[in-house]
Amino acid sequence: MRFLQLLTTWSNAELGLLKVCLICFGISAGIYFYDSVKPWFGHFFIVFVITAIWALLLWNKKLKQPQ
């Protein structure tokens, strides 16, 4: 479990590359499994809205903190 305790720093370019990779994987999986995922779209949308609001609140909180 030492692997989970390692700290690294990521540049914006490296994080962007990781995000693009994950987005492409998600789109590919969504295209391939569209019919089996279709009934769950409502649940995914609810989770998306909740996490988006949560992320925006965290971002707003971090903006208000003094540097």
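A residue is called buried when its relative accessible area is under 20%, exposed when it is over 50%, and partly exposed in between (1.4 Å probe, protein chains only). By this rule tyrosine 32, with a relative accessible area of 68%, is exposed. The structure is a predicted model, in which local features need pLDDT of at least 70 and side-chain atom pairs count only at pLDDT 80 or more, while totals for chains, interfaces and linings use all residues. Residues are numbered from 1 along each chain as its sequence is written, and side-chain values use heavy atoms, with hydrogens and water left out.

**Overall architecture and confidence**

The protein chain contains three helices and zero strands, where helices (H or I, at least four residues) and strands (E, at least two) are DSSP runs numbered from the N terminus. Read from the N terminus on, its elements follow the order α-α-α. The predictor's confidence in each residue is the pLDDT, on a scale from 0 to 100. For the protein chain it averages 83, and 88% of the residues score at least 70.

**Surface**

How much of the protein chain is made up of buried residues? Of its 67 residues, buried ones account for 0%. The accessible surface of the chain is about 7,000 Å², and 74% of this belongs to carbon and sulfur atoms. Such areas come from the Shrake-Rupley method with a 1.4 Å probe; for residues, only the protein chains shown count as cover.

Phe45, Phe48, Val49, Ile53 and Leu57 make a nonpolar surface patch of about 500 Å². Patches are made of residues with over 30% relative accessible area and no salt bridge, like charges being joined within 9 Å and nonpolar side chains (Val, Leu, Ile, Met, Phe, Trp, Tyr) within 5 Å. A salt bridge is a side-chain nitrogen of Lys or Arg within 4 Å of a carboxyl oxygen of Asp or Glu. Leucine 57 lies in helix 3 (residues 41-64) and counts as exposed, at 55% relative accessibility.

**Aromatic pairs**

| Pair | Centre to centre | Angle between planes | Class |
|---|---|---|---|
| Tyrosine 32 and phenylalanine 33 | 4.7 Å | 90° | edge-to-face |
| Tyrosine 34 and phenylalanine 41 | 5.7 Å | 55° | tilted |

Rings of Phe, Tyr and Trp (its six-membered ring) pair if their centres lie within 6.5 Å; planes under 30 degrees apart count as stacked, over 60 as edge-to-face and the rest as tilted. Phenylalanine 33 is partly exposed at 45%, as are tyrosine 34 at 39% and phenylalanine 41 at 38%.

**Cysteines**

A disulfide is a pair of cysteine sulfur atoms within 2.5 Å, and the whole structure has zero disulfides. Cysteine 21 is partly exposed at 48%, and cysteine 24 is partly exposed at 44%.
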